[in-house]
Amino acid sequence: MKWLSYRWLVGAAAAAFALASACSSGNPPNLGDSDSGVGNPLPGGGCSSGKAGCPCSPEGATADCGVVERRSGDYVTCSEGTATCTGGKWGACTGAIIYMKSVGSMTLGGNLQTQGLQTNPTSCDSDPCDPACTNYVDNGTGLDAGAGLQPSDSGGVTLVQEGGTCSGYQCQVVTCGGNAQTTLTGTVYDPAGLNPVYNAIVYVPVSLPLPAIPAGAQQDACGGGGNLPPAVAYAYTGPDGKFTLTGVPSGVNIPLVVQIGKWRRTQMLASVNQCVTTAVPTSQTRLPQNKTDGYNNQADLPQMAIVTGGCDPMECLVKRIGVSTSEFTSPGAGGKVDYYQAYGEPLVGGTNPQPSNLLGNLTTMMKEDLIMLPCDCDEEYYQYRSSSGRWSGNYTTFLSNIVSYTSNGGRLFSSHWGRQWLEGGGLTNPFPGIASWVPYGSSGGYDGYNFEGQINTSFQKGADFSTWMANAGATYAAGKFFINPTRYDTYSVSSAARLWVSYDGWLDYFGTWYSGFFQGPADFTFDTPLGAANQYGRVMFTDMHLASGFNTSSFPSECPTGGLTAQEKAAEFLLFDLGSCLTQVPPPPPAYYPATFTRDYEGQCPAGQKVVWRFFDWETHTPSDSNIVFTAQTSDTQAGLATATPVVNLGTASGAPITTYVGTDVGLALAPSPSLDWLRVTITLNPSSDDLSAPTLDAWRQQFDCADNQ
């Protein structure tokens, strides 16, 4: 008989029982790439890793080894163990795993040389139990499984993504030699190109055009900005804004997308050389300044609404981080920043509608991704301005709409006296328990004093925020920066809120430092609906005024020039975080689809003997919910295989993502049908039910025996 028969037990004393027993326990030896191919044993000897007496390094290294315990015709009994590198040579093989193998001729399936099968195999004549030996010479036919499959890194086959063949820019990814990869590096910056952007996602999409980003507030954790397309490669930026993308396509006109929330810009890279690292210029990795600032004159920005604050011109922050002035327009006029005027400065050429046009209409609010309600110089809008001036309207309606807006995915940014949108101005608390508020009349306003902001580094994003502020040149010590002007409205925040910055002392006009004299939250956020299992919106409150006092001109001439202050940089970081996903969401990889291929085998026996098909063995990696199905049929001719019956089931590989080994006796599966000269094995790879995980067939082989015709 010329077929493998494995018996696997622990302990050398069990060898005799192993040879006689008809059952097995444990796992048989790994098939490995070296057992794939077709041919006969090679003559001669040679050295290999773990082989006693062969050179080795470094001292003390260990390697798998195997030695012959006994021979019986075409069968050997092997003992597998471990060899240790001592004095520059491999020592004796010591171990206790006993198995039996055939060293006779056999027909094997696989031909996996496409991914690293040894082309110069070590001879097995001197030690057929050596794990490094290759008993079989590759027949050189290669693996051509057809559409839907591709060689895997381990030397087998796996599914191709996207509909059975590579798609779009996937087809331009090359396999490099050694450890080389086609790589892109760079830094993502804000629209102005001044400060790095943290937690932005950078990716090469499978194809263009990109899917549209849904407009307005959305009931999802990304506020609608998580609609990411399948990506060939992606990475998130760190606190320094840097990214590294590996395994990217090469060639000309390769798309690169930078995105955070609904800020999205695509650039076409003129050329990407394969198997080397390419640094992408900053001009191609910043966020968009306007709707036409990208490939094909298209880019995405969030739809923002600003109600101008008489004491805190927050509209200037948006302009100063790089958004084009042309995007500031009257509501509905096509700009990405809808301009409403309270007691702040008017927009030149705008209609400047009152805040009630926004806050009094939930439908209008839901069209906005982000609403900014900065300090407008007064404690209680409902008391002083409910029936006249720029704040006419029903205050309780405003509050109700704010809760509905944020609960359905809207993002809200308020400062100082914007607190009344969070605590209700003494009427009704729209976000109960979120903070302990300083009573009206007791909160302070301080201009000209350098108050210390202490960044909360007790959570990862807080620690990254501290690093980002240092990278932006905004801190004077680790996690500390000066804030001027500042306000004081909260004693503490609840566990439902995320505290970003606290006050921790101040410096008076005479240079005297008062540590701990002035304490309390300066910046915090919370997600909405409060206490809900599924949260979609986010609210930010800051007591850091971004400017001081009243302005006497219109937008944009009211805005200062020059670099951002430390508190403006902090507000920029928090503004981008406010509009991003509540939890980090990667783009989906390209999907997998089922694929089937066949392998045909011909058995050849001496005159007077017939082919008896024996074990079909396989080695697979099957992620949970995926599987590989094996079937077989036999015929006198290869042409007859297509219609041969019966088609028998050889088994299904499935389960956790671990290597599996199964041996099916094909002859028994076909019984009582005759074992004819030709055998076809059909192999179907099925991905997981979500199409995002693919199984891999690492190795397989088919064996046959020759039996007398009687």
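Reply: Phe398 and Trp421 are both buried (under 20% relative accessible area; over 50% is exposed and in between is partly exposed, with a 1.4 Å probe and protein chains only). Please keep in mind that this is a predicted model, where local features need pLDDT of at least 70, side-chain atom pairs count only at pLDDT 80 or more, and totals for chains, interfaces and linings use all residues. Residues are numbered from 1 along each chain as its sequence is written, and side-chain values use heavy atoms, with hydrogens and water left out.

The structure holds 24 aromatic pairs (rings of Phe, Tyr and Trp, the latter by its six-membered ring, with centres within 6.5 Å; planes under 30 degrees apart are stacked, over 60 edge-to-face, the rest tilted). One of them joins Tyr198 and Phe573: with ring centres 5.5 Å apart and planes at 20°, this pair is stacked. Tyr198 sits in the loop between strand 8 and strand 9, while Phe573 belongs to helix 9 (residues 566-578), so distant parts of the chain, 375 residues apart, are linked here (helices are DSSP runs of H or I, at least four residues, and strands runs of E, at least two, numbered from the N terminus). Tyr198 and Phe573 are both buried.

Back to Phe398 and Trp421: their ring centres lie 6.3 Å apart with the planes at 55°, so this pair is tilted. Phe398 comes from helix 6 (residues 395-407) and Trp421 from helix 7 (residues 420-423), so the pair ties together parts that are 23 residues apart in sequence.

Tyr198 and Phe573 turn up again in an aromatic cluster, which they form with Phe459, Phe465, Trp468 and Trp500.

Cys56 lies in the loop between helix 1 (15-20) and strand 2 (62-72), and Cys85 in strand 3 (residues 75-86), 29 residues apart. Cys56 and Cys85 are both buried.

Another disulfide joins Cys65 to Cys93, S to S 2.1 Å, and this link is right-handed as well, with 90° about the S-S bond. Cys65 and Cys93 are both buried.

Cys176 and Cys275 also form a disulfide, with their sulfur atoms 2.1 Å apart. Here the torsion is about -95°, so the disulfide is left-handed. It links Cys176, in the loop between strand 7 (157-159) and strand 8 (183-187), with Cys275, in the loop between strand 13 (263-272) and strand 14, 99 residues apart. Cys176 is buried at 14% relative accessible area, whereas Cys275, at 24%, counts as partly exposed. Cys375, by contrast, is in no disulfide, and the nearest cysteine sulfur, that of Cys311, is 4.9 Å away. Cys375 counts as buried, at 1% relative accessibility.

Strand 13 leads us to a sheet. Four strands make up this open sheet in the order 10-9-12-13, with antiparallel pairing (strands pair if DSSP finds at least two bridges between them). At the edges are strand 10 (231-236) and strand 13, each pairing on one side only. Strand 9 (residues 201-205) pairs with strand 10 in the antiparallel sense over five bridges, and Pro205 stands opposite Ala231 of strand 10.

A last stop is Gln303, in the loop between strand 14 (277-279) and strand 15 (304-308). Gln303 is buried, at 16% relative accessible area. Its side chain reaches the backbone oxygen of Gly335 at 2.9 Å.

Notes: A polar contact is a pair of N or O atoms within 3.5 Å; within protein, one must be able to donate a hydrogen and the other to accept it, and residues adjacent in sequence count only if both atoms are side-chain atoms. A disulfide is a pair of cysteine sulfur atoms within 2.5 Å.
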